[in-house]
Amino acid sequence: MNTPFLETLDMVSGGDPAVTPAASIIVLHGLGADGNDFVPIARELDLRAIGPVRFVFPSAPVRPVSLNGGFAMRAWYDIHPPSANPAVPRPEDEAGLRASQDLVQGLLDREAVRGVPPQRTVLMGFSQGCAMTLMAGLRAPQRLAGLVGLSGYLPLAETTAAERNPATLDVPIFLAHGECDPMVVIERGTATRDVLEALGYSVDWHSYPMEHSVCAEEVEDLNAWLLKVLAA
């Protein structure tokens, strides 16, 4: 399947770009960023033991974001402002989430066409990208090599049990979160971990003394985890 609605940036590390990679890692950025955002982080990873790895950095569509007064920016889905009543949960943009789920699945399908099967593909995301990683990865028609969720949360949590694909039940999941995150508070991260573990998933959970960002220790932990799940 082609993905004509997404701009993507590809980078192959550890080998000849002309050779089919041993694995692919699709990285989904956060709100207002683009596909270039995580290129520096990818360059810090040492995955030479695996062989050539293709990193795919898509850019989300540009859309108005309600939380930011309707200002248009790259976003995987809309984010509504918090309710005036703290007891009322913030509504989720289900239509936007499901549309982006299709786009992400298109990227996974494209990797298969390009010679890297799902079981050699990792889906990874930060913040909104984390939400899309968990949304699409648990509903994918085939089990992926792993899911990486950084500083995000599980969207449409109440439908996950019914909609997840049985093929994904043993997919390894790496979750990391900043203990001082003011944008996606760590309680949302721990709640995501707890829901996934209650559904039977094996979650490798990490927290760090940082805000809504990525730190060196996190990159080291992620590197070790990737080497494990992508080991031949």
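Tutor: Two residues are in contact when heavy atoms of theirs lie within 4.5 Å. This is a predicted model, in which local features need pLDDT of at least 70 and side-chain atom pairs count only at pLDDT 80 or more, while totals for chains, interfaces and linings use all residues. Residues are numbered from 1 along each chain as its sequence is written, and side-chain values use heavy atoms, with hydrogens and water left out.

Student: Leaving aside neighbours within four places in sequence, which residues is Leu134 in contact with?

Tutor: Neighbours within four places in sequence are set aside here. The remaining contacts of Leu134 are Arg139, Leu147, Tyr153, Leu154, Ile173, Leu175, Thr192 and Leu196.

Student: Why is strand S7 described as largely enclosed by the rest of the structure?

Tutor: Helices (H or I, at least four residues) and strands (E, at least two) are DSSP runs, numbered from the N terminus. In a regular strand the side chains alternate between the two faces of the sheet. In S7, Gly146, Val148 and Leu150 are buried on one side, and Leu147 and Gly149 on the other. S7 is largely enclosed because the number of its residues that are buried is five of the five.

Student: In which sense do S7 and S8 pair?

Tutor: Strands pair if DSSP finds at least two bridges between them. S7 and S8 have four bridges, and Val148 stands opposite Phe174 in S8. The sense of their pairing is parallel.

Student: What span should helix H6 have at 1.5 Å a residue?

Tutor: The expected span is 1.5 Å times one less than the number of residues in the helix. H6 runs over residues 216–229, which makes 14 residues.

Student: Which strands and helix do the buried residues of H6 pack against?

Tutor: The buried residues of H6 include Val219, Leu222 and Trp225. Their packing partners are S2 (23–28), helix H1 (39–44), S6 (121–126), S7 (146–150), S8 (173–178) and S9 (203–208).

Methods: Buried means under 20% relative accessible area, exposed over 50%, partly exposed in between (1.4 Å probe, protein chains only).
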